[in-house]
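Here is a short report for a reader new to this structure.

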Amino acid sequence: TESPVTPPALPTGPGAEAGPTSDGLVPLDSAAVDASGSGTASLIPAGNLAEGPSVTNGEVVPDSPNDVTREVLDDVQDRANARPWTFNVTSGVMYDDNIQFQQTGGDQKSDMILSGGFSSSYDVRSGSIVQSLNAVLGGSYMKYLEYDEFDGWNANAGLTSALAYGDFSGSVNLGAAQVNGANRLVGGFAVNRNYLASVTGNYDISAKTRLTSSVNLNVMDFVQQGYQTQQFNGNSTLSVSFGANYAVTEKTRLGANYMWSEAKQEGLSSWGFSSINATAEWRATAKTGFTGSVGRQVSSLDGVEAGDGPGWIGSLNGTWQASERMALTLGFTRSTAAAAVGNNGGMNFNTINFGLSRTVTDRLTGTLRVSYRTDDYQDLGGGDEFQGREATYWNIGSVISWRVSTRATIGATYDFQDNSSTFGEWNFSASRIGLNFSYAF
């Protein structure tokens with residue numbers, strides 16, 4: 001059964017470089033929120049598509065007979081026993097040369113950051129209505145060696161379930177997280193708490209026709225001490241989408257969907273988005289697939305249509321399983337939003353993402369990700385400094401993992417971020433390099 005066509009990502013709003021505007025409003029921006037927490041979250045390695053030994057039909061495939069060690073055989077036995085519980089302890093050290101994304105030439109602060117924590121998960125699968133159930137719980141403590149005012153605890157919990165009954169399939173996802181540490185956007189110390197809930201549902205009318213729907217709610221409690229105290233306190237985003245797609249051939253699906261969303265900031269402004277999109281999926285070969293969408297979006301600010309009318313949005317994503325040990329992804333997304341100032345402007349966001357995962361041996365794996373984004377702002381009414389405002393962002397990250405034994409893994413991470421903006425000389429760059437260790441029980 002082919003996977004349903006998913007709608008394009010919600011508009012992200014203005015870029016991470018956006019500070020307070022002329023009316024004192026700081027735009028709600030997922031990129032800015034991510035930036036505020038990435039000073040601590042970046043200590044945790046990004047997900048690796050190729051972690052652990054390569055598996056074919058449930059069995060480990062060694063590079064050579066010499067790689068069949070006692071640890072590998074034990075790991076195969078663990079898989080055979082299907083242990084539902086896993087528990088890991090983690091530790092790490094990272095050097096960050098600009099922990100708060102201060103402007104080039106400004107008061108940049110560098111520091112060594114130590115981390116220690118745990119993660120646990122419970123994963124079961126069945127043939128009943130609840131096809132699978134996964135629960136996760138984790139926590140860690142971040143210690144800044146020089147700027148200890150940023151020390152603090154992080155925590156996360158989540159529950160994901162896949163459902164199926166007859167021609168119906170769906171999923172339920174619940175999550176909560178707290179990120180504590182240096183605010184990478186505007187300085188100071190921040191506690192960022194996120195709570196999310198999402199439900200998806202698909203119904204196969206026939207062998208070729210499928211109805212799709214989703215509801216997502218994200219609530220954020222951002223408490224900041226220092227510059228602009230509690231500026232982001234009490235935000236919520238609600239989105240709803242529904243659509244249909246049709247299998248034109250065994251490899252191609254075409255469809256359409258409608259999406260509505262609203263983002264609110266307590267005591268500030270709210271953004272609204274509605275869009276109609278044409279969607280497509282194409283499984284070109286057994287190893288290559290593409291998804292895409294194109295549509296028109298209307299944005300509003302505080303309930304009033306804003307910007308220069310409907311804007312074009314879209315996405316195009318491709319995946320290529322080059323070999324059993326290497327996979328590549330490439331994607332482009334364009335989104336728009338109403339202006340945060342002046343009520344008569346618009347903002348456009350274009351993003352290109354590239355990813356590569358490679359299993360070098362059964363013990364050594366690596367990933368690489370590259371992201372490039374451009375923002376431009378049209379006809380803003382907040383003053384001359386807003387007219388023609390543009391910004392570009394680069395992000396490059398890599399993770400290398402070495403499986404020392406069945407239980408122990410050592411990893412190295414590198415992350416580079418760079419921003420160039422015509423607004424207020426808000427330019428910065430930051431590099432982070434780290435080592436981490438995990439042990440599974």
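How many helices and strands are there in the protein chain? There are two helices and 21 strands. Both kinds of element are DSSP runs numbered from the N terminus: helices are H or I with at least four residues, strands are E with at least two. This is a predicted model, in which local features need pLDDT of at least 70 and side-chain atom pairs pLDDT 80 or more, while totals for chains, interfaces and linings use all residues. Residues are numbered from 1 along each chain as its sequence is written, and side-chain values use heavy atoms, with hydrogens and water left out.

**The chain as a whole**

The protein chain has 441 residues, and 42% of them count as buried. Buried means under 20% relative accessible area, exposed means over 50%, and partly exposed lies in between (1.4 Å probe, protein chains only). The accessible surface comes to about 21500 Å². Carbon and sulfur atoms hold 59% of that surface. Areas come from the Shrake-Rupley method with a 1.4 Å probe; for residues, only the protein chains shown count as cover. Take the contacts (heavy atoms within 4.5 Å) between residues at least 6 apart in sequence: 56% of them join residues at least 24 apart.

**A nonpolar patch**

Strand 3 (85-96) and strand 21 (428-440) each supply at least two residues of the patch. Leu 137 sits in strand 5 (residues 130-144). Leu 137 is partly exposed, at 45% relative accessible area.

**Aromatic rings**

Rings of Phe, Tyr and Trp (its six-membered ring) pair if their centres lie within 6.5 Å; planes under 30 degrees apart are stacked, over 60 edge-to-face, and the rest tilted. The count comes to 10 aromatic pairs. In one of them, the rings of Tyr 144 and Phe 150 have centres 5.6 Å apart and planes at 75 degrees, so this pair is edge-to-face. Tyr 144 is buried, at 0% relative accessibility. Phe 150 is buried too, at 2%. Ring pairs also link Phe 87, Phe 118, Tyr 439 and Phe 441 into a cluster.

**Salt bridges**

A salt bridge is a side-chain nitrogen of Lys or Arg within 4 Å of a carboxyl oxygen of Asp or Glu. The count comes to seven salt bridges. The table gives some of them.

| Pair | Closest N to O |
|---|---|
| Arg 369 and Asp 415 | 2.8 Å |
| Arg 373 and Asp 375 | 2.9 Å |

Which parts does the pair of Arg 369 and Asp 415 tie together? Arg 369 lies in strand 18 and Asp 415 in strand 20 (residues 408-421), so the pair joins parts that are 46 residues apart in sequence. Arg 369 is partly exposed, at 36% relative accessibility. Asp 415 is buried, at 8%. Arg 369, Asp 415 and Arg 432 are linked in a network of salt bridges.

Arg 373 is in strand 18 (residues 364-378). Are Arg 373 and Asp 375 buried or exposed? Both are buried, and Arg 373 has a relative accessible area of 11%. Glu 262 is partly exposed at 28% relative accessibility, and Lys 264 is partly exposed at 42%.
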